[in-house]
Amino acid sequence: MAAGSSSRIKSASGAGFLARTVRAAGRALPVVPRAVGRRIRRATHAHGAGESGLSKLIELHAVHSAGDMLITMALASTIFFSVPTDEARGRVALYLAVTMAPFVLLAPVIGPLLDRLPHGRRAAMAGALLARGGLALVISAVVVTGGIGLYPAALGVMVCSKAYNIVRAAVVPRLLPSRISLVKANARITLTGLIAAGAAAPVGLALNAIGERWPLYGACAVTVVGAFLSFRLPGQVDLARGERTVHLAELAEARAAKSRERDDGPRGVLRGVDTPVFQALIANSALRALSGFLLFYMAFLLRNESLPGLTAALSLGVVGLAAGAGNALGNILGNWLRDRSPERILLTVLLLALTCTVTAAFAYLAVTVVAVCAAAGICQALGKLSLDAMIQRDVPEVVRTSAFARSETTLQLAWVAGGAVGIVLPLSGSVGMTAAAVIVSCGTVATIRSLVSAARRGTPHPRVR
C-alpha cells in the first residue's frame, strides 16, 4: 500500500513538473519574437522616421518584399538551368525578352497615369498590391499544369510590383525626416525589404512542402495586408487638391524661362546630357549592365569551367554568395553613410567597379572574380540609391513618378543588354572579365567629368521639392 502511494506521489510530481515546464516554455516562447519586434520597431522609427511617417512606408515595403519572395519561390521551378547549356542559352534569351515586356507599359503608360493620380497615391499602392494578390491566385490555378494563363499573370505581377515601387520611391521626400538624407532613407527602405524577403524564404519553403500552390496563397494573404498598410501612411503622401495645380504652374513657368534648355518634364531631366540625373542614369546603366552580364555569363561559364582551384559547384556557390553579400553590404553602407552627396557616392562606386574588373581582366583568379561579383553587388546597390535620391531631389513632384518609370525602364534595358552580351560571348574567363571591364569603362568615361564636377561642388544636404 505504501509502495503504491509512493508511486502515485512520484507520478503526480512528475506530471506537475511537466506542466510547469510547459507553462514556462509557453511564457518564454513569445519573449524572443517580442524582443525582435521591439528592436525592429526601434530601427524603423529611428532618427525621426516614426514622427515623419517614414517608418510606416518602411513597414509597408517589408510586407511587399515578403510577398514578392513568396511569388518568386513559387515560380522558381520554371527557370532554365536544369537543361543543357546550348538549350539553356535559348531559354535565357527568351527570358531576357520577356523581362522587358512590363516596361513597354511602365514608362509611356503607367508612369504618366500615376502622375495624374497625385491625390490617390495610397490608393494606387493598395491597388497595385491587391492586383498582384489576385494575379497570384490566378497563377496558383495554373502553376502545376503550366497552363497558358501562367505567363500573362506572371507579367502582370511584374507590372504591379514595378508600379508599386515607382509610387513608393516618388513619395519618399514627403516623409523624409530632417535628420536623414535621401540616400539613407532609400537604403533603410531597401535593406528592410531584403531582410523581410530573407525572412519569407523559409516560410515559402515550408508552404511549398505542403503544396506547390501554397506559397501563392501566402503571397495573396500578404499583399492584402500590404493594401491595408498602404492606407495607414500619413495623409501628406497624397498631394492636396490645389497643390498639383500650383506645381504645374511652377513647372510651366520654368519651361517658359528655359524653353531652349533641358527642363521639360521627366524627358528633359533624364535626357538633358548635362543634367546630374542624366549622368547618374548613364552611370547606373553601366553598373546594371555589368550585373546582368555577370549573372548570365558566370552561370554558363562556371558550369563548364570552374574557378581556379575550386570545383564547379563550389565556384557557383562562392560567386552567388559574393554577389548577394555585396548587394546587402551596399544597402547597409547606404544606411550608414551620413550627409554624403549622391554624386560623390556614385563616383566612388564607379571607380571601385572599374578597378575590380580591370584587375580581374589582367589576373583571372578565384579571388579577383569573387571580388568583381561582390563589387558589382555593392556598386549596383549604392548606385541605385544615389540615382533615386537625385530624382527625388531634382525632378519636380508632378512628373517624378514618370521620371522613376523612365529610369526603371532604362536600367532594365541595360540589364537585358548586359545579359545578352553574356549569353553570346565565348565561355572564357579572361574574355568575360575583359568584357566586364569594357562595360564599366564606357559608363565611367561618359560620366566621370560631370560626376567629379558635381562632387567638388557637393550637395551634403539634398534638396527636396
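Predicted model: local features only at pLDDT ≥ 70, side-chain atom pairs only at ≥ 80, totals over all residues.
Q: What span should helix H4 have?
A: Helices are DSSP runs of H or I with at least four residues, numbered from the N terminus. The expected span is 1.5 Å times one less than the number of residues. For the 22 residues of H4 (residues 54-75) that gives 32 Å, and the end C-alpha atoms are 32 Å apart, which agrees.

Q: How many residues of H4 are buried?
A: Buried means under 20% relative accessible area, with a 1.4 Å probe and protein chains only. In H4, 16 of the 22 residues are buried.

Q: Is Ser140 buried or exposed?
A: Exposed would require over 50%. Ser140, in helix H6 (residues 121-142), is at 4% relative accessibility and therefore counts as buried. Contact means heavy atoms within 4.5 Å; leaving aside neighbours within four places in sequence, Ser140 is in contact with Arg213, Leu216 and Tyr217.

Q: Which residues touch the most other members of the largest nonpolar core?
A: A nonpolar core is a set of buried Ala, Val, Leu, Ile, Met, Phe, Trp, Tyr and Cys residues joined through side-chain atoms within 4.5 Å. Of the 81 residues in the largest one, Leu54 and Leu57 touch the most other members. Helix H15 (residues 366-394) gives the most to this core, with 14 residues.

Technical notes: Residues numbered from 1 in each chain as written. Heavy atoms only, no water. Helix = DSSP H or I, 4+ residues; strand = E, 2+ residues; numbered from the N terminus.
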